[in-house]
Amino acid sequence: MKYLLAGAALALMSLTGGAAVAQDYPERPIMMMVSYGAGGATDFQARIVTMTAGNEDALGMPIAIINKPGAGGRVGWNWFATQAEADGYTLAAYNIPHFIAQSIKGGVEYSADSFEPIANWGADPAVFVVAKDSPFNSMQEVVNYAKENPGKLTFSGAGLFVGHHIAALQLEKEAGVKMAYIPTKGGGAAAMKAVIAGDVMGGVNNLSDAFRAQEAGNVKILGVFDLERNAFLPDVPTLKEQGYDIDNASVNFRGVMVPKGTPPEVIDKLAATVPEMFKNARVAGKMKAGGSPMHIMTREEVQQMWAARQETLQELLAGL
């Protein structure tokens, strides 16, 4: 009997201990790792959506952004999967399809099973951009050049098997052309700079980065890799509208995740609080001003999205 009582007491302590952790968490500032460099779309948006974390109606503690760029996100996510503390004080921004596509192709130390999603803040379609003085004014002109000059049309993107690369692969397959995709070392910001500087003939980039570059008069946006036109670019047709049967597999979903093994009670508190934090009016205003489409999803919705994207990407990347 005494062993039964002892076991019950331990179980009760475990339950009350978990409740205490959830009630007290967080007790100190939180770090959120971004796998891309400062100034790119993920970094830009991560700083906005976490700006109210310290408010009493949010987490009550600030979130500091730490950049660990390299290899299209691989450097940061490898670190997060293998070295980050699973205590709720080390979060990371995720990018889908990026880390799922990279795990499918191999050579990394993570998969979707390495992480626990918390909430999604945005959905950023890929777009095709050219410099403001480019002779190209439509996707048809881009494709015609690529057909006449196989492998000679250079265009930049943020890395291999990121959303930009997925869009590029779809375009090459659907248009029946071969182009020279050049992944940059500095993520989307560096890829955009390469277009503006004329180092490449075009680029696939995030709508949010491209929107700001177009507003500054630096680029032209020729097409959106999504199923519908975007409210930020109502005059820019989708690739599908321009005759290319390309879906939304490359749309860049961004959100927050924690390492596998994070206490369930911490996950539950984050999952309840973070989506509401994203809905803050100041956050929404700054995201809109920056041309950054928001798409808030709960933990359960993100889990479903991850599973669906994994199935789509396995089919798309088969044989590559």
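Predicted model: local features only at pLDDT ≥ 70, side-chain atom pairs only at ≥ 80, totals over all residues.
# Notebook: rings, cores and holes

I started with the core: the largest nonpolar core has 82 residues, and F99, F128 and W306 touch the most other members. A nonpolar core here is a set of buried Ala, Val, Leu, Ile, Met, Phe, Trp, Tyr and Cys residues joined through side-chain atoms within 4.5 Å. Buried means under 20% relative accessible area, exposed over 50% and partly exposed in between, with a 1.4 Å probe and protein chains only. Helix α9 (residues 264-278) gives this core its largest share, 6 residues. Apart from it lies another core, of 15 residues, including V127, M192, A213 and V224.

Residues are numbered from 1 along each chain as its sequence is written, and side-chain values use heavy atoms, with hydrogens and water left out.

**Entry: F99.** What does F99 contact, leaving aside its neighbours within four places in sequence? I found W77, Y94, Y110, S111, A112, F115, M257 and W306. Contact means heavy atoms within 4.5 Å.

**Entry: aromatic pairs.** I searched the whole structure and got 16 aromatic pairs. Rings of Phe, Tyr and Trp (its six-membered ring) pair if their centres lie within 6.5 Å; planes under 30 degrees apart count as stacked, over 60 as edge-to-face and the rest as tilted.

I looked up Y36 and W77: the ring centres are 5.8 Å apart and the planes are at 80°, so this pair is edge-to-face. The two sit in distant parts of the chain, 41 residues apart, with Y36 in the loop between β1 (30-34) and α2 (41-49) and W77 in helix α3 (residues 74-82). Helices (H or I, at least four residues) and strands (E, at least two) are DSSP runs, numbered from the N terminus. Are these two buried or exposed? Y36 is buried at 8% relative accessible area, and W77 is buried at 0%.

Next came Y94 and W306, also edge-to-face because their centres are 5.4 Å apart and their planes at 90°. This pair links Y94 in strand β3 (residues 90-96) to W306 in helix α11 (residues 299-317), 212 residues apart. Y94 is buried at 0% relative accessibility, and W306 is buried at 5%.

I then saw that both pairs belong to one aromatic cluster, made up of Y36, W77, W79, F80, Y94, F99, Y110, F115 and W306.

**Entry: charges over rings.** A charge sits over a ring if NZ of Lys or CZ of Arg is within 6 Å of the ring centre and within 35 degrees of the ring normal. K68 has its charged end over the ring of W79, 4.7 Å from the centre. R28 lies over the face of Y89, 3.7 Å from the ring centre.

**Entry: helix α3.** Which residues of α3 are buried? My list reads R74, G76, W77, N78, W79 and F80. What covers them includes β1, β3, α4 (98-105), β4 (115-124) and β10.

**Entry: holes.** On a 1 Å grid over the protein atoms alone, a cavity is a set of points where a 1.4 Å probe fits but cannot get out, and a pocket is an open set with protein on both sides within 12 Å along at least five of seven lines; lining residues have an atom within 4 Å of a point. Grid points are joined across faces, edges and corners, and a volume is the space filled by probe spheres set on the points.

I count 2 cavities of 30 Å³ or more. The largest cavity has a volume of about 100 Å³. Its lining has 17 residues, and Y36, T42, A158, G188 and N206 lie nearest its centre. Helix α7 gives the largest share of that lining, 3 residues.

G187 is in helix α7 too, buried at 4% relative accessible area. Beyond its neighbours within four places in sequence, G187 contacts Y36 and A158.

The largest pocket has a volume of about 320 Å³. It is lined by 16 residues, with A123, D226, N248, V251 and H295 nearest its centre.

Entry: Most residues other than glycine have a negative phi, and most peptide bonds are trans. I found a cis peptide bond between Y25 and P26, with omega about -5°, and another between I96 and P97, with omega about 20°. F161 has a positive phi, near 60°, and is buried at 13% relative accessibility.
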